[in-house]
Amino acid sequence: AIIAIFYVAWQRWRSFQLRVSEKLDAEATSAADYSIIVEHVPKSATDKDEWLQFFNKLPPISDHGGKVSEIVIAVNNGKLLHMVQVREKLEDRLEKLKAELARTQYADFQD
């Protein structure tokens with residue numbers, strides 16, 4: 001019987017938390033509420049002003065007096081970021097090797 005009471009109380013608490021969470025989310029407006037992601041865009045489409053004109057002409061925006069406030073253009077630069085990380089690791093390793101060299105008899109050959 002105690003387990004059943006605990007389970008019912010837990011379910012009611014969970015339901016209450018979900019309702020409060022949904023209410024708070026509905027009351028708060030964030031950038032995510034108005035953000036979109038456009039995929040499969042030509043690589044040459046990097047002009048923010050051109051994108052602003054394009055989106056501001058769309059009926060869902062223009063028919064309701066809306067206006068695009070900001071455009072952010074992000075590119076797929078995962079390979080570049082990986083190369084930067086590799087470079088940083090190599091630079092760290094080089095500094096450690098220089099420190100080791102400084103402690104040896106060959107310290108005079110360090111640049």
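Which residue forms a salt bridge with Arg-87? Hi everyone, let's begin there. The partner is Glu-91, and the closest N and O atoms of the two are 3.0 Å apart. By salt bridge I mean a side-chain nitrogen of Lys or Arg within 4 Å of a carboxyl oxygen of Asp or Glu. By that rule the count comes to one salt bridge.

A quick word on what you are looking at. This is a predicted model, in which local features need pLDDT of at least 70 and side-chain atom pairs count only at pLDDT 80 or more, while totals for chains, interfaces and linings use all residues. Residues are numbered from 1 along each chain as its sequence is written, and side-chain values use heavy atoms, with hydrogens and water left out.

Back to our pair. Glu-91 and Arg-87 sit four residues apart in helix α4 (residues 78-102), so about one helical turn separates them. Helices here are DSSP runs (H or I, at least four residues), numbered from the N terminus. Arg-87 counts as exposed because its relative accessibility is 58%, whereas Glu-91, at 39%, is partly exposed. The cut-offs are under 20% relative accessible area for buried, over 50% for exposed, and partly exposed in between, with a 1.4 Å probe and protein chains only.

Next, please find helix α1, residues 2-27, where Val-8 lies. At 46% relative accessibility, Val-8 is partly exposed. Together with Phe-6, Tyr-7 and Trp-10, Val-8 forms a nonpolar patch on the surface, with about 470 Å² of accessible area. Such a patch takes residues with over 30% relative accessible area and no salt bridge, and joins nonpolar side chains (Val, Leu, Ile, Met, Phe, Trp, Tyr) within 5 Å. The areas come from the Shrake-Rupley method with a 1.4 Å probe, and for residues only the protein chains shown count as cover.

Helix α1 also holds Ala-26, which is exposed, with a relative accessible area of 66%. Ala-26 and Ile-73 are 47 residues apart in sequence, and their C-alpha atoms are 28 Å apart in space.

Now follow the chain to His-40, in the loop between α1 and α2. Most residues other than glycine have a negative phi. His-40 is not a glycine, yet its phi is positive, about 60°. With 80% relative accessibility, His-40 counts as exposed.

Methods: Patches are made of residues with over 30% relative accessible area and no salt bridge: like charges are joined within 9 Å, nonpolar side chains (Val, Leu, Ile, Met, Phe, Trp, Tyr) within 5 Å. Helices (H or I, at least four residues) and strands (E, at least two) are DSSP runs, numbered from the N terminus.
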